[in-house]
Amino acid sequence: MSTNVAEIFETMEYGPAPESEKTALEWLEGHQKTIGHFINGKWVVPAKSKWFDSVNPATGQKLAKIACGTKADVDSAVKAATAALKKWQALDNHARAKYLYALARLIQKNARLLAVLETLDNGKPIRETRDLDVNLAARHFYHHAGWAQILDTAFPGYEAHGVVGQVIPWNFPFLMMAWKIAPALAAGNTVVLKPAEFTPLTAALFAELCVEAGLPAGVVNIVQGDGSTGAEITKHPGIAKIAFTGSTDVGRLIRETTAGSGKALTLELGGKSPTIVFENADLDSAVEGVVDGIWLNQGEVCCAGSRLLLQEGIADKMIKKLKRRMKNLRVGSPLDKAIDMGALASDEQYKKIDKLVKIGVKEGAELVQPGKADCPTQGCFYPPTMLLNVQPADTVAEVEIFGPVVSVMTFRTPEEAVQLANNSRYGLAASIWSENINLALDLAPRLKAGVVWINSTNMFDAACGFGGYRESGFGREGGREGMYAYLKPAYLSDLPKYKNAENKLSAAAHAKHVEGIDSIDRTAKLYIGGKQARPDGAYSLSILNARGKLAGQVGEGNRKDIRNAVEAAKKAEGWGKAAHHLRAQILYYIAENLSARAEEFKKRLVDLTGVTPAQAKKEVDESIRRLFTYGAWADKYDGDVHYPPARMVAVAMKEPVGTLGIVCPDENPLLSFVSLFAPAMAAGSRSVIIPSEKYPLIATDLYQVFDTSDVPAGVINIVTGRRAELTKTLAEHDDVDAVWYFGSDTTGSLLVEKASIGNLKRTWVNNGLKRDWFDRTQAEGEEYLRHATEIKNVWIPYGEGEGGGKAY
Ligand code: TAP
């Protein structure tokens with residue numbers, strides 16, 4: 001240790017500044033170092049007397065004995081949450097807002113205790129728990145107290161799901177809990193939450209704060225436990241919505257468990273986020289960005305900047321600067337206020353990271369660990385690590401390491417940077433460093449990521465949605481979009497169920513498989529890439545009219561046809577970038593051309609479906625009106641600008657989901673078809689549509705309407721045929737970004753949700769409920785546009801020098 005001032009100036013060494021653990025240990029003593037479940041406002045011991053230990057990963061010291069929940073515990077928590085629901089929802093919004101406000105105040109009052117307890121339990125630096133985790137958690141409760149207050153005016157026609165099951169990870173235990181509980185309560189749900197096995201303590205302290213706030217018993221229930229407890233929650237029939245944050249593997253399992261159950265689901269999963277540094281970046285700032293991006297919280301951050309993409313001209317310089325900075329990063333006791341990195345959450349995590357780093361080196365990466373010598377050898381400490389010469393196909397460029405390891409790659413042009421950045425199955429976050437704001441803003445929309453930070457990293461705020469694209473999951477936490485995840489349209493509760501008979505009738509009585517294709521004139525083909533295409537199998541289906549007579553034939557599409565249609569939709573990506581005015585224009589053209597042929601469509605509806613001419617006219621008229629509605633929305637469904645408490649704005653851009661698979665019902669075949677493709681088009685998404693199996697001729701009659709309305713090739717693709725078979729291929733396809741299922745088959749929703757597991761595409765299914773396509777509350781509006789849109793928050797700093805950057 002240096003002893004004189006001159007030497008201290010030279011080395012910048014300073015002594016330890018430990019935070020006291022006394023109050024936190026006293027809190028644990030107050031619980032006899034035993035934490036049960038918190039159910040119905042009381043502490044209860046586990047039904048099966050199963051316990052596990054919570055350990056301080058920095059010291060190996062046992063902190064407490066923790067209850068491990070089994071089915072019986074989850075059952076009683078769900079029972080308590082169900083019983084509490086009525087009373088909680090009977091409160092007026094202001095009363096609920098006051099509870100959330102009280103919780104925010106109590107978090108602030110207990111901030112120090114929460115921060116120390118979190119650090120002891122998780123191993124993360126006290127500086128971070130104190131300055132980031134706890135503050136942000138309080139901010140979430142304040143923000144959501146606001147949503148609770150204005151719920152009815154902000155979300156008219158929406159209601160809470162009911163009992164919500166929430167499962168969270170160990171990397172930001174208290175913050176993740178706040179992200180889950182605050183919006184759930186604000187929307188009027190009650191909660192059963194399971195913290196991670198490694199980090200159960202701050203959730204227990206929060207339960208105490210709920211008691212202190214006078215929250216009605218059963219509104220928040222905390223069931224401690226391991227993965228099996230989480231599984232009990234996700235499959236519980238009494239739970240209406242599951243919100244999960246954790247690994248992509250477990251996210252997949254949960255998608256599978258909940259498929260077809262009617263449960264709503266949001267998944268916040270893993271990431272492999274890029275930090276892109278251009279030659280014209282302020283390199284010293286960028287170095288700090290990398291430090292924050294990958295070494296915050298020991299790199300155990302879902303949105304960690306774990307891939308560093310450097311423009312070739314500055315790569316060497318930047319690496320040199322980083323090496324120097326890495327040497328100065330201090331790894332040590334998490335309670336020391338002067339350290340930069342604490343301990344990993346567990347020994348298991350240490351081994352996983354070390355194994356991946358060794359694989360990286362074996363595959364040819366150069367290992368850089370300048371601070372290794374100063375890294376403590378006792379406890380789960382891992383030095384800041386950089387891997388150089390990484391190739392895009394290397395394991396360490398693809399797999400989420402979830403530790404303090406950054407993989408460095410280089411690029412030449414912005415185009416190449418976009419390609420490299422998007423070369424990942426994940427899509428959570430990205431950070432761009434450039435002093436050229438035009439370049440940065442040009443890149444941001446092209447990156448497949450839910451959050452983009454310009455000249456900054458790891459910025460979060462309760463008003464700005466956070467969540468991913470692709471295998472990073474679906475749904476957002478925070479902001480308006482985060483609230484929608486805890487609400488559902490109120491009309492859903494009144495919808496009738498499809499009857500099995502309706503479905504059978506469709507396949508058996510109306511569509512008959514025919515060997516070969518009749519004369520070209522009589523068989524309506526498929527519509528792929530703006531052209532009529534013969535079905536790959538060269539089979540057709542005979543379609544009967546309402547009197548049981550042959551009305552015509554349509555191509556019987558197969559897997560290959562779906563694949564071709566998806567490819568055509570992918571090629572039409574430019575539609576998402578088209579001027580919104582153009583989208584509006586084309587939707588109006590379709591309406592105009594349909595209107596010109598209204599008589600013909602009316603007759604077709606009468607013949608096929610057996611409706612009266614008046615009913616057919618009503619359907620055609622409503623279809624034209626609906627096209628106008630989405631023409632109207634196309635240049636008005638804009639994004640938002642958020643003003644988080646930092647010198648930044650966050651621009652919430654509404655981006656098209658991408659390629660949408662749409663499965664149509666049989667009823668009102670023209671109106672339902674229009675009601676589904678038009679919002680997708682307005683939002684800039686491209687569709688592959690499986691029209692009604694019973695009345696596909698309505699859709700095929702529209703080909704000419706599309707052709708004469710300037711619909712760009714590939715924006716609408718139609719594959720006729722057997723619904724169930726085609727739906728499966730569509731929902732399994734990895735290039736399909738979302739599937740909407742409104743088919744009349746009662747088992748279709750299960751099929752779609754199960755088949756979506758491969759690339760974790762978004763799904764929107766009818767759960768066997770039949771909507772009234774004439775009812776505008778049910779069949780048009782922003783709900784549809786939201787399902788065709790991804791929200792990307794782009795954080796942009798402003799101002800220079802002092803005062804810029806973080807407010808937390
Ligand atoms: P997981 O192993 O997925 O665990 C997350 C939670 O799920 C834990 O509470 C875990 O319980 C529980 N769980 C395990 N198996 C389960 C099952 N079969 N059914 C239901 N629940 C189950 O993830 P982790 O290792 O704790 O966390 C790291 C991962 O989370 C990383 O991939 C990271 O990127 C991701 N993450 C994402 C975000 C966002 S916002 N996208 C934020 C933080 C972390 P136990 O802990 O008791 O095993």
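This is a predicted model: local features need pLDDT of at least 70, side-chain atom pairs count only at pLDDT 80 or more; totals for chains, interfaces and linings use all residues.
## Around Leu117 and helix H5

Let's start with Leu117, which sits in helix H5, the stretch covering residues 111-122. Its relative accessible area is 0%, so Leu117 counts as buried, the cut-off being under 20%. Who are its neighbours? Leaving aside residues up to four places away in sequence, Leu117 touches Ala24, Trp27, Leu28, Leu201, Thr202 and Leu205.

Two packed helices are described by the angle between their axes and the distance between the axes. On the H5 side the contact is made by Leu114, Glu118 and Asn122, and on the H8 side by Pro173, Phe174 and Leu175. Sorted by class, that contact of H5 with H8 has 4 nonpolar, 1 polar and 1 charged residues.

Next comes an open sheet of 3 strands, in the order E1-E5-E4 and with mixed pairing. Strands E1 (34-35) and E4 (51-55) are at the edges; each has a single partner strand, so one side of each is left without a neighbour in the sheet. E1 pairs with strand E5 (residues 62-67) in the parallel sense, over 2 bridges. Within that pairing, Thr34 stands opposite Lys65 of E5.

Helix H9, residues 201-212, lies across E1, E4 and E5 and runs at about 65° to E5.

## Strand E7, covered on both faces

Strand E7 (residues 163-167) is mostly covered, with 5 of its 5 residues buried. In a regular strand the side chains alternate between the two faces of the sheet. How does that work out in E7? Val163, Gly165 and Val167 point one way, while Val164 and Gln166 point the other way, and all of them are buried.

The pairing of E7 with strand E8 (residues 190-194) is parallel and runs over 5 bridges. Here Val164 stands opposite Val191 in E8.

## The ten-strand sheet

Another open sheet has 10 strands, ordered E14-E15-E16-E13-E12-E17-E18-E34-E28-E27, again with mixed pairing. Its edge strands are E14 (366-368) and E27 (640-642), each of which pairs on one side only. From one strand to the next, the twist averages 20°.

Inside this sheet, strand E13 (residues 307-311) pairs with strand E16 (residues 405-411) in the parallel sense over 5 bridges. Leu309 stands opposite Met409 in E16. Helix H16 (residues 414-422) lies across strand E12 (274-277), E13 and E16, and it runs at about 145° to E16.

## Aromatic pairs and charges over rings

The structure holds 26 aromatic pairs. One of them is Phe677 with Phe706, an edge-to-face pair at 5.3 Å centre to centre with 85° between the planes. This pair links distant parts of the chain: Phe677 is in helix H24 (residues 669-682) and Phe706 is in helix H26 (residues 702-708), 29 residues apart. Both Phe677 and Phe706 are buried. They also belong to one aromatic cluster, together with Tyr527, Phe673 and Tyr703.

The charged end of Arg786 sits over the ring of Tyr484, 3.5 Å from its centre. Over the ring of Trp88 sits the charged end of Arg96, 5.9 Å from the ring centre.

## Two asparagines with positive phi

Most residues other than glycine have a negative phi. Which way does Asn389 go, positive or negative? Its phi is near 55°, a positive value. Asn389 is in the loop between strand E15 (385-388) and helix H15 (395-398).

Asn455 also has a positive phi, of about 45°, although it is not a glycine. The loop that holds Asn455 runs between strand E18 (451-454) and strand E19 (473-474). Is Asn455 buried, partly exposed or exposed? Buried means under 20% relative accessible area and exposed means over 50%, so at 22% Asn455 counts as partly exposed.

Note on methods: Residues are numbered from 1 along each chain as its sequence is written. Side-chain values use heavy atoms; hydrogens and water are left out. Helices (H or I, at least four residues) and strands (E, at least two) are DSSP runs, numbered from the N terminus. Buried means under 20% relative accessible area, exposed over 50%, partly exposed in between (1.4 Å probe, protein chains only). Contact means heavy atoms within 4.5 Å. Two strands pair if DSSP finds at least two bridges between them. Axes are lines fitted to C-alpha atoms, for helices over the stretch in contact, and angles run from 0 to 180 degrees between N-to-C directions. Rings of Phe, Tyr and Trp (its six-membered ring) pair if their centres lie within 6.5 Å; planes under 30 degrees apart count as stacked, over 60 as edge-to-face and the rest as tilted. A charge sits over a ring if NZ of Lys or CZ of Arg is within 6 Å of the ring centre and within 35 degrees of the ring normal. Ala, Val, Leu, Ile, Met, Phe, Trp, Tyr, Cys and Pro count as nonpolar, Asp, Glu, Lys and Arg as charged, and the others, Gly among them, as polar.
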